Each structure stands twice: as structure tokens, then as C-alpha cells.
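Good morning, and thank you for coming. Please look at the structure on the screen while I take you through several of its features.

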Amino acid sequence: MNCDAFFYAMRIWFNPDRLASFGMSPSDVLAAVRAQNSQAAGGALGDLPLSEGIEIHAPLETRGRLSSPEEFGEIILRADPDGSVVRLEDVARIELGAQDYASRSELDDQPNAGLAVQLAPGANALDTAAAVKKRMGELEEAFPGDIEWMVPYDSTPFISSSIERVLLTLAQAIGLVVLIMLLFLQNWRTVVIPTIVIPIALVGTCLGLWLVGFSINLLSLFGMVLAIGTLVDDAIVVTENVKRLIDEEGMAPYEATVEAMGQVSAAIIGTTLALIAVFVPLAFFPGSSGGIYRQFAVTLSIAVGISTFLALTLTPALCATLLKPRDDEQDKKQRWSDRIFGPFNRGMKRTTDRYHGAVSYVLAHPLWFLLGFAALLALVAVLYLRMPTAFLPQEDQGSVMTVVQAPPGSTINATTAAMDQVKDFYADSAAVEHTLAVYGFSFFGQGQAHGMAFVRLLPWADREQRAPELVNEASGAFSQIREARVFALNPPSIPALGVAGGFTFKLEDRGNNGYEALLEARDQLLGAASESEMLEGVRPEGADQAPKLKVDIDRIKARALGLSIAEVNASLSTTFGSAYVNDFNMDGEVLRVLLQADSPYRITPEDVLQLEIPNEMGNNVPFGAFSTAEWTRGPIQLQRYNGYPAITLSGNAASGYTSGEAMDEMARLAQDLPRGFDFEWSGASYEEQQASGQVGLLLGLSMLVVLMVLAALYESWVMPIAVLLVVPLGALGAILFAMLRGMPADVYFNVGLVAIIGLSAKNAILIVEFAIEEEGRGKSIHEAIMSAVRMRFRPVLMTSLTFIFGMLPLIMSSGAGAASRAAVGTGVIGGMLAATIFGLFYISLFYLCVRRWLSRRRPPSRQHEDDDNSDGEKGSIQGAGDA
């Protein structure tokens, strides 16, 4: 926003005709004002060195700068010998006006002085906004009684409200996780132990983020919500295994804890390493998408690492301290819980038995189910390739913008007429709180033909209409405005990437075809885009070709007529532009003095040709005597992008299509352009293009790192295959859920997809690790698998459900930032559901296939190094089988 409009200036509006009648030029006025509005040091009386007898010292005071229109009107332009005087007020109108009339603004139809505050690199938006508002509150005390201030357009309420909603989502997720744990564990002691881990892990995550130089922001909070379901997983595995040994083996809590930790420690460490390894490649991706990935990667890695540390240290201590052996007296006290959870337990037992039988059937018919897995892989590939892409979801940020572009060469009157209709529309909208209309400025150009409206909406809880819906409604209404092109815009998802949502397309002339050919290519592309059902609101950014009055000065004629070329140019620029004279003082401020012809004398081409300038002989010579004027058309501004002449096109995806599909459509239309023209993407569109090309590399690197970690864990390159083959099943669920909810494959979906790799592998590791242990004790492959799935079915189901229910608040949330939360939650919930449902059967099958066909060497047991505790191990296995 141009702040020059908010400074006073002494405006001298001269009358060219009156000036010529006195035989003077604008340069004469300029020289007279500069000479008489000056400040000079007068010296002093009696200054050193002194003569003898001098008794007084006094400074000389002269008249300094002028300060009022009346004083400027008294400036003498000419004094003749006969005593007549020509003063400035005889040839000009002097007033205290604005330094710049190029722009002005109105807030709810009331004139205002606006200031735009832009965030410095690295600054915190919330802190900056609070500091500005605090300072304005201090300055308000000195305002006149009829002056007040307000913030009609502010991006920080969206950030604050989004953080509040995420914190609410975090609390809801914790509550749901605790309820699921209570349903499965059915004992307040066993529920308290994992619950204690949650706040400690969250506090530790915040401390870890601070130590690595990260802040608590929306993305890190998203990561914490995403981590809620995994924070208690390891603690649940430990607690559930200790409780099982106490109930089924009759062990004391301390012995049960030691035994349980020997059984699950390797699995917990393996799952944690796999999860952290999944997110490691995310932290090294460049660009804006890399910044988003990095926030999630660091947050989740710290959270998972801390939760694992607590599961291996605090959780065993709590289990040995809080858990009690079960006896007859306790059974009587817990009859009430049996009545509450009895139906669930009976249903769980039937489900476990049926699951055990189903796994046995799958293992008996491996080829048929492998064919089914191959079909699922093909389905994943087909659906993913058909899935629309995007960069980030369109958010309701609590504000919208509207750009007004009158026809090139239009005056402010056309812009005002269009802006009045814009203001009327928003005044009738129930969702709008304030409308700030700016004239002479927009994100796409400056001048009388440009205008912009910044619209602040009511708080999210006080309105039903979302910002994107208002933008669509406004676009339809504004298409009927005839005075100008008007289009409503949603702010960009990332403020630094462009000025509005949608795509930014740079059409480039790489064949040196010329500006006219570039315009023709632009018009061709705009025509094709208008006929596409995937695109809407495709428009050129910046000023179009505008009418220009070309003044051709014949310098030879001008010199022959006794004119100075410098005087000719100065008179023209001062009359139709403006000239900075010097400064004046007012109220302790140093302000400018500006000289320009009055408005009625700079309207038509005839005013140029009739402008008279005195020559060396004192005769007035009209401009038309040595110059001609003709109308032409030309660009107001010329763009270059990456060194090529370019034109910027912006637009949006039509309803039902994503930004990725819109970009693909624009790329397809650009193929029909003449030879020598090409295009590039800019802003958020460039980042989206880069992010879409990173997905394959992202997933591939994550899988590779997990493979290496598991190979080190199992001391085999073959055994990790049984774990990683489950990952496509989770991807299938993520893709299906996203497509069912009409969501594209954006950056948040990619984060969820990477998380699914680790979460799917986590469930697989829990089963595979137990199967390895059972084989190490001498059981056959089939017996080891059946024993592992029976022991691990309940904890795997419980940890999966805690994660899924912990994510439910994300996809069910509303208000600020709801689109981003839904984008994060949808994919991971779908992926975890599919990975759990399919994985519970296919993990066993994959382990069987790997052991039979790829690795015949019996894996060693990790639990004990010697045979001293072999009896205890057999008892544990027997107890699990009897259960």
C-alpha cells in the first residue's frame, strides 16, 4: 500500500494560460519558489574574533521556510520597474493537500488512512501482531476524539484459532485413546500407566523441538496429534503383556514385568527404529514442501523416540509398582467391571477364535491369497495413478480478497463504479464483518484502473458460509459487472507463495517472437481455457495494453523558434506530471512542496498542443508549433521471467477438480501454442509441481531406510520382506479413504502415506518378532505363527484402534484449519484400518512364505541366552496356547 497518500504536501496547481499571459514558464515558477522558500544561516553580530569595545553578541534571524498556503501565495514571480508585481497566487491555486493521489482507501464506506504491516523474514506473526496492536493502543491516547483505529484485515486470527482447534483436537484425541485403553485393559491401574506417558511425552516433544530450534506451530501441533495414537502404543504393549503374564501365569508383578520386557523389548525397539527411519528422509527435502515435511518428521521422530524411552524405563517401573496379583478377593471386587465389559470380552473371545481359524485357513492356501495380494497391488497402482493431485488444501482463513481491473486507460470513475457494486455485494452478505476498499492499487498492478477489496469475515463460529463458498458466490455475482473485470480470491495456503489461491502460470516467449505475438499466444490460451470444464477464472495478471498519447517533438523546429530543449521537456513534465520543488515545515514535520498544472488543463490532447512556452525573445510558442500528438497502444509494464519476456496467467480449478488437474489441463492447452512459446509455474504452483515429483522418491527412500533398519534388526536381508509387504495394504486404505472423501494427493496426504509405512511395519514387527521368538524355542513355522497371532491379536488390535480413534477428531473437526486437519487425518485413518484388517492375515502369510521359500535358516531366540529360564518360557508359551 502506498503510504505517500497519508502525508501532507503543499500543492501548487498553476494555470498554464495565466502563466503564459505573463510570459512565464513552469520553470520560472519552480525557480521562484525554490529561491523564496529557503532557509539560510544569517550569521551573527559581534562574532569572534572581536574588535575592541564591542559589548554585544546577537545572531541574525532571517525569514526561513514558508509554512502556509497564504505565505506561498505571496511568493514574487516577477517585479516590473513600474512597480507591478506578479505573485504566485495570481497564476496558481495553492492548497495543503496529499503528497500522492494515486491511491486511497475506504473502510465500510468511510474514508480512512491505512497502514500495511508486512512480516520480516524469521519474525513471528502472532508476536508481531500483538506488538503492533499494543503500540496502537498506546498511540490511541493522543488521537482526536473523532478518530479511532481498527484492524480490518489480519491473518493472525486464523493462526490463533487454528492452534486453539488443534489443541482441542489434541485433548479429544487423548480422551478417545484413554477410553479405548479402558475398553481393552478394563482396569484403572493398567489404564493409568499408558495414560501417564502421554503428557510426559508431549512435554518432552516440546522440549525437544525447542532444543533443535523449532517452534510450536500448526504443523508441529499436527505432528503431535498424529503422534497421539503412537505415543501409548509401546506402553500398551508392555502393560498388556505384563497384565497377561500376571493373569495367565500367576506371576508376581515384578517377575511378570521382567519376563514381559524380555519378550517385547526387541519388538519395541524395532518398531521405534522403523517409525523413525520412515521419517528421516522427510527432513532432507528442499523447498516449501520440504519445510512442511521437516516439521512433521522432526516432531514425530522426537515424540516416538521419547515414548519408546518411557516404555522401556518408566512403564516397567509403573507396572511393577502399580499392578497387583489377581486373587479371589479382587475377583469379587471386580464383578461390577465384569458385568460392564462382559459382553465385550465374550465378543472379543469369539473374534479371537474366528481370527485364529481364519489365519489357519490362509496359511493352508497361500497361493490363492498371494494372488489376491497381487490383485490388491494392481488396484493400489491404478487408484494412485488416477488420484488427483494438489499442493495444500484450500482453507477458510477468515478473509477473502477481490481484485478490480477496469479497462486499460480508464479513470478512477470506472474503478469506483465497479467497486461500489463489490461493496454492495459484501454489505448484503451475512458472513462479512468489514470491507476495506483500496483504489489505485491491487496485487496485479497500480493506477486508476486498479482496485482491491480486503474482506474480513465474521469469526468461524458466527457464520455458516465458508470462505471458498463465498468466493464462488461472489465470482458469479461479479461476472455481471460491466465496468471492470472483477474476481474474488481466496488467500494462498502459504502467504509467501503468491498473492492468492489457485495456480500461477508464466507464459514465456523463448523464440523472440515479439510482444504482439506473445499477446496473441496469451489470447489463444485464454480462449482455450474459457472452454475447458476443468478451469475457471483464468485471467492475465498485470495491466493490459493501454492507450497512450505519443508526443513527437521536432527539436530542430524548437531550436529554430528560440526554445531550449531542456525548457521544453521541463515544461511538459511539470505541467502533466509534477515537480518536486523543495520542503516546508508544519507541526514539526518536514513536508514536500509539489508543482503541477491544475486538473482542467491536463485532460485532452489539445491541452498538450496548446501549452505555450516563452522563447528567447520573450514570445510565447505553443507546443503544436513544433510537435505532433497521436494515439497509440502499448504495455504499461513489461514482464520477464527467468530472462524471457513473459505474461502471467492466474486461475482456479473448477468445482469438482483439484489444482493438480487444473495445472495438467493448462499444460495440455499450452501444447497447442505456436512454436517458440513455453511456460513455467510460479509460486505455490511451482512448489506443487516439485512436490508431485518428490512422492516416488519420498516413498522409495522411506522404504529403503526401513529395509536397512529391519535388516540390521533381524540380521537378514530376507526377513524384512515379511514386514514391508504389508505397506501397500495400508496405502490402499489411505487412497480409498481419500478418494471417497473427494480429497487429492496433496502434501498432507503424502505425510500420512509415509506415516502409514511405519505404522503398518509396526504391527507387522510385533507379530513377526513373536513368531521368531517362538521358532527360536523349537516350534515349527506354522506353530510359531499361530502362537504369535494368538498372543499378539489383542495388543495389535488395541494399538491400532487407539491410533484410529485418536485420529477421528482430525477428520471430524470444523472451524479454522479444518481442511488441513482433515487432509492429515483421512489418509492415516484409512491406511491404518486397511493395514490392520488385511495385515492381521497377510503378515502371517508373508512370514510363512519368507521362511519356506527364501530363508530356511531357523532364527535364534532373542529372549534368553541360556537355558536356565527355559521352563519359564515354556510355561509362558503353554499359557498363551491355553488362552
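Predicted model: local features only at pLDDT ≥ 70, side-chain atom pairs only at ≥ 80, totals over all residues.

Let us begin at the N-terminal end of helix α26, which is capped by Asp746: a side-chain oxygen of Asp746 lies 3.2 Å from the backbone nitrogen of Tyr748. Residues are numbered from 1 along each chain as its sequence is written, and side-chain values use heavy atoms, with hydrogens and water left out.

A word on helices and strands: they are DSSP runs numbered from the N terminus, helices being H or I with at least four residues and strands being E with at least two. Helix α26 covers residues 747-776. The expected span of a helix is 1.5 Å times one less than its number of residues.

Is α26 enclosed or open? To answer, we need our terms: buried means under 20% relative accessible area, exposed means over 50%, and partly exposed lies in between, with a 1.4 Å probe and protein chains only. In α26, 29 of the 30 residues are buried, so the helix is largely enclosed by the rest of the structure. After α26 comes Gly778, whose phi is positive, near 110°.

Next, salt bridges. A salt bridge is a side-chain nitrogen of Lys or Arg within 4 Å of a carboxyl oxygen of Asp or Glu. How many salt bridges are there by this rule? The count comes to 22.

One of them joins Glu774 and Lys779, with the closest N and O atoms 3.1 Å apart. Glu774 is buried, at a relative accessible area of 1%. Salt bridges that share partners also join Arg104, Glu106, Asp109, Asp420 and Lys423 into one network.

Another salt bridge, at 3.0 Å from N to O, is formed by the side chains of Glu138 and Arg135. These two are three residues apart in helix α5 (residues 125-140), so about one helical turn separates them. Both partners are partly exposed, Glu138 at 41% and Arg135 at 47%.

A further pair is Glu680 and Arg510, whose side chains meet at 3.3 Å, N to O. This pair links distant parts of the chain, 170 residues apart: Glu680 is in strand β23 (residues 677-681), while Arg510 is in the loop between β13 (503-509) and α18 (515-530). Glu680 is partly exposed at 21%, and Arg510 is partly exposed at 35%.

Let us turn to Thr156, which is found in helix α6 (residues 156-185). Thr156 is buried, with a relative accessible area of 7%. Gly208, in helix α7 (residues 188-211), is buried as well, at 13%. Gly208 and Ile306 are 98 residues apart in sequence, and their C-alpha atoms are 9.2 Å apart in space.

Finally, the cysteines. A disulfide is a covalent bond between the sulfur atoms of two cysteines. The rule applied here is a pair of cysteine sulfur atoms within 2.5 Å. How many disulfides does the structure hold? It holds zero. Cys206 is partly exposed, with a relative accessible area of 32%, whereas Cys849 is buried, at 10%.

Thank you for your attention.

Terms used: Polar contact = N/O pair within 3.5 Å; in protein donor to acceptor, adjacent residues only side chain to side chain.
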